[in-house]
Amino acid sequence: MMTYSDFRSDTVTRPTEKMRKAMAEAAVGDDVLGDDPTVQKLEALAAETMGKEAALFCPSGTMANSIAVKMWTNALEEVIVEERSHIYNLESTHMTFISGVTPRPVRSVRGTMDPDDVLAHIRKPNVHTPRTSLICLENTHNVWGGAVVRPDNFEAVRRIADDHDLKVHLDGARIFNASQASGVPVREYARHVDSLMFCLSKGLAAPAGSVLVAGRERIEFGRRLRKVLGGGMRQVGVLAAPGIIAMTEMVERLKDDHARAKTLARGIAGLPGVRLDPTTVETDIIIFEFDHPSLTIPVMLGKLKDKGILALSVGGGIRMVTHKDVGDEDVERAVKAFREILS
Ligand SMILES: Cc1ncc(COP(=O)(O)O)c(C=O)c1O
């Protein structure tokens, strides 16, 4: 039977043995009634780690982002987003559907918006147009191939937000990857934003869950929003327990994923059809254009699969992500498969 090296996403990781044991042994209670001690421990840890007052455990990153937008905006308002951001493109329009606000996309260079562009997209008060109320950042930037946004950009955006009485939310699904790659502590990023969400179930390998952090009063409102969106969960300490391990034991090793992504990128760059500059690979995500005279992307993905390598098609390219469940031998196998198919 074929075994697969699965590079489709960092969400495919399986919980570690220690996580499974922690799930089995977790102290639990009814979290909707505020009784689950393990959820409370995770939320306290998340708030402390990010240097914010409070945290809210959510079933998914999409729900945490949806709650964040709703808690900072009112109907008839507008949100500045980066044009390739997940919150704008890949979360099924929750901004309009749930919050009744419109997104206003801004171009960027690899996920970093020019502060002058952000400034230029803030609406002047006018009866014809929505009022700008929120700016959303993303770090690392998924669709820009896991690119890291630097803290000086956060600082510049913060200044603009303060000058115009706007809030800033960070989609930090992979903020720990950004921190490990840049050496900048997560708190340093968090300091410049009013709220941030991060995911436990991507490179950190927990089976589910994301955490939204912000000031206490906003998180209490967020708790009501989570309930109305159907995200109130009961004995959910069983999911918070692996989340605690994700935060305390799985962060440092992200560096290994980043090193493997670079090795993989160097191994396949320059092969016929692969348009990839390996120096742009900063974290765990590799996205490259594939433009081959005889192989389409679906055909290429099929040939890779025949050799035990799973990758994804995104836009006009191919996406491969390293994570805990792909090791050096999987990277070698992938490079070998690419070479055999394309040489
Ligand atoms: C940058 C980013 N934000 C948010 C999400 C949404 O997370 P979830 O899949 O848990 O809803 C993802 C998922 O891949 C993501 O990459």
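In which helix does glutamine 40 lie? Glutamine 40 lies in helix α2, which comprises residues 37-50. Please bear in mind throughout that this is a predicted model. Glutamine 40 is classed as partly exposed because its relative accessible area is 40%, between the limits of 20% and 50%. Leaving aside residues up to four places away in sequence, glutamine 40 touches Gly34 and Asp35. Its C-alpha atom is separated by 42 Å from that of glycine 317, a residue 277 places away along the chain.

Leucine 45 also belongs to helix α2. With a relative accessibility of 24%, leucine 45 counts as partly exposed. Its contacts, again without residues up to four places away in sequence, are Ile244, Met247 and Thr248. Between the C-alpha atoms of leucine 45 and lysine 336, which are 291 residues apart along the chain, the separation is 42 Å.

Let me turn to the ligand. There are 13 residues around the ligand, and those that come nearest are Gly61, Thr62, Asn142, Asp171 and Arg174. Which helix gives the most residues to this shell? Helix α3, residues 61-72, does, with 3 residues. By class, the shell is made up of 6 polar, 5 charged and 2 nonpolar residues.

From glycine 61, a backbone N or O atom lies 2.8 Å from an oxygen atom of the ligand. In threonine 62, an N or O atom of the side chain is 2.6 Å from a ligand oxygen. The side chain of asparagine 142 likewise has an N or O atom at 2.8 Å from an oxygen atom of the ligand. As for the cover over the ligand, on its own the ligand has 380 Å² of accessible area, and the protein covers 83% of this.

Is asparagine 139 buried or exposed? Asparagine 139 is buried, because its relative accessible area is 0% and the limit for burial is under 20%. Its side chain reaches the backbone nitrogen of valine 149 at 2.8 Å. Among the residues that asparagine 139 touches, with those up to four places away in sequence not counted, are Phe154, Leu170, Ile175, Ala178 and Tyr189. That contact list also includes Asp171 and Arg174, two residues already named among those that come nearest to the ligand.

The peptide bond that runs from asparagine 139 to threonine 140 is cis, with omega near -5°. Threonine 140 is likewise found in the loop between β5 and α7.

Histidine 192 is my next residue. It is situated in the loop between α9, residues 186-190, and β7, residues 195-199. Histidine 192 counts as buried, at 5% relative accessibility. The side chains of histidine 192 and glutamate 188 are joined by a polar contact of 3.5 Å. Beyond four places in sequence, histidine 192 touches Pro151, Phe154, Glu155, Arg158 and Val168.

Now the nonpolar cores. Which residues have the most contacts inside the largest nonpolar core? They are Phe176 and Phe198, in a core of 53 residues. Helix α11, residues 237-249, supplies the largest share of this core, with 6 residues. Phenylalanine 176 touches Phe198 itself, and its contacts also include Thr49, Met50, Val186, Leu204, Met247, Val251 and Leu254, residues up to four places away in sequence being left out. Another core, of 29 residues, lies apart from this one, and Val281, Met320, Ala334 and Ala337 are among its members.

Finally, two remarks on backbone angles. Leucine 76 is not a glycine, yet it has a positive phi of about 75°. Leucine 76 is found in the loop between α3 and β3, the latter being residues 77-82, and it counts as exposed at 71% relative accessibility. Serine 92 has a phi near 50°, again a positive value in a residue other than glycine. Serine 92 lies in the loop between α4, residues 86-89, and α5, residues 94-99, and with a relative accessible area of 64% it is exposed.

Terms used:
Residues numbered from 1 in each chain as written. Predicted model: local features only at pLDDT ≥ 70, side-chain atom pairs only at ≥ 80, totals over all residues. Heavy atoms only, no water. Near = heavy atom within 4 Å. Polar contact = N/O pair within 3.5 Å; in protein donor to acceptor, adjacent residues only side chain to side chain. Areas by Shrake-Rupley, 256 points an atom, 1.4 Å probe, with all protein chains shown as cover. Helix = DSSP H or I, 4+ residues; strand = E, 2+ residues; numbered from the N terminus. Nonpolar A, V, L, I, M, F, W, Y, C, P; charged D, E, K, R; others polar. Core = buried A, V, L, I, M, F, W, Y, C linked by side-chain atoms within 4.5 Å. Buried < 20%, exposed > 50% of the residue type's maximum accessible area, 1.4 Å probe, protein only. Contact = heavy atoms within 4.5 Å.
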